[in-house]
Amino acid sequence: MRGSTAPRVPTATCVALMLSALLGPSSPARAQDPNSFNRLMKAPSTRNAPPSEDGIHDPGNEGTPLLQSPREAFEQMPKSASGNFVDWVRSLLEKRILPRYDLRKENAEPPVMDLNIVREVKGSMPDVVYPHKAHTEWLDCSNCHPAIFLPQKGANQMSMAQIMLGEKCGVCHGRVAFPVSECRRCHSQTKPAAEKHSAIEQRDANRFIARSDTGRPAGVHDGAVVGRL
Ligand code: HEC
Ligand code: HEC
Ligand code: HEC
């Protein structure tokens, strides 16, 4: 780690280190390519490179060439628009993959929980639907609760900025799950037109009242908004 040699690392350097860790190793050749900073914009020919060229596996290790190339492995999988271009949720649904839930118990089934959590979004973006089902098919409750999210609807404050910085949903999305560029997979619930306007008006009205009463902006627990959650 470059950061560990300096006794104190300024915040800007930390962010730069985080970004370089997220975006992969930077070489002078890549730095000259104006598009190389964004791994989502990789040319199709460089996507899902074989293990010996992916910058993750040791090309000198004799085991590396024995690994199956992702291009070959992913060929028959349902496609997605970014990340490693595989729709893993559909792959699991269509039984193209059969991940083992428990290393020791071959036939252990995950305790799947079918509970959607709708998170209202201010402004014109559709609301976020967080599906427990698509997650608990392969993740344990303890992967998220309580370290990332308290298990209580509305108890966690989340924003797009946090997600982009690798917090909240961004602990996984953009790293091991589909990236934030696929807006509509999370922002999947269109606000009903009539309700939308009255809810927003009501919310704004509540905010105004709360602000004039307490001097502080109101939270999402007010009036019409909580009624819709
Ligand atoms: C990938 C992360 C993730 C996993 C895995 C996960 N949850 Fe959650 N859970 C959430 C999020 C996000 C919320 C919503 C929190 C909020 O709205 O602030 C939530 C909310 C909840 C709630 C509150 C529901 C309510 O109506 O108040 C319960 C209960 C819960 N989860 C139980 C579980 C159980 C049991 C499991 C395992 C079977 C599980 N969760 C797995 C992310 C996860
Ligand atoms: C992995 C899921 C996920 C993806 C992908 C995603 N969002 Fe979000 N987004 C969220 C969550 C969660 C919130 C917070 C909702 C709340 O307030 O509880 C949010 C909030 C927002 C907000 C409200 C203001 C803010 O900054 O918090 C906007 C605007 C937004 N997202 C736009 C986008 C756009 C544009 C994209 C695609 C480039 C995108 N989102 C992709 C999950 C996602
Ligand atoms: C602990 C890791 C983890 C966290 C945290 C997490 N997810 Fe996921 N999510 C996954 C994985 C893994 C998948 C399945 C693989 C994939 O689709 O890339 C998934 C799939 C999804 C899907 C399914 C899309 C579909 O095609 O059906 C949605 C929607 C989603 N996540 C939204 C969210 C939102 C919103 C949050 C934050 C509130 C969140 N996730 C937090 C790991 C996570």
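pLDDT is the predictor's confidence in each residue, on a scale from 0 to 100.

**Entry 1: ground rules.** I am looking at a predicted model, where local features need pLDDT of at least 70, side-chain atom pairs count only at pLDDT 80 or more, and totals for chains, interfaces and linings use all residues. Residues are numbered from 1 along each chain as its sequence is written, while chains are lettered from A and ligands numbered from 1 in the order in which they are written.

**Entry 2: confidence.** I looked up the average for the protein chain and found a pLDDT of 78, with 66% of the residues at 70 or above. Strand β2 (residues 128–131) has the highest confidence, 98, and helix α10 (residues 223–228) the lowest, with a mean of 36. Residues 208–229 have pLDDT below 50, and this stretch has 31 contacts in the model beyond near neighbours in sequence. Here I count two residues as in contact if their C-beta atoms, placed from the backbone, lie within 7 Å.

**Entry 3: the fold.** I get 10 helices and 2 strands for the protein chain, taking DSSP runs numbered from the N terminus: H or I of at least four residues for helices, E of at least two for strands. Along the sequence, the pattern reads α-α-α-α-β-β-α-α-α-α-α-α. Of the contacts with a separation of 6 or more, 35% join residues 24 or more positions apart.

**Entry 4: ligand 1.** I find 19 residues around ligand 1, the closest being Cys-141, Cys-144, Pro-151, Lys-153 and Asn-156. Helices α5 (132–136) and α6 (141–144) each give two or more residues to this shell. A residue counts as near if its C-beta atom, placed from the backbone, lies within 6 Å of the molecule. The shell has 10 nonpolar, 8 polar and 1 charged residues. The classes are: Ala, Val, Leu, Ile, Met, Phe, Trp, Tyr, Cys and Pro nonpolar; Asp, Glu, Lys and Arg charged; the others, Gly among them, polar.

**Entry 5: ligand 2.** Around ligand 2 I find 20 residues, with Arg-119, Ser-159, Met-160, Cys-183 and Cys-186 the closest. Helices α7 (160–164) and α8 (183–186) supply at least two residues each. By class, I read 11 nonpolar, 5 polar and 4 charged.

**Entry 6: Ile-117.** This residue sits in strand β1 (residues 116–119). Leaving out residues up to four places away in sequence, Ile-117 touches Tyr-130 and Lys-153.
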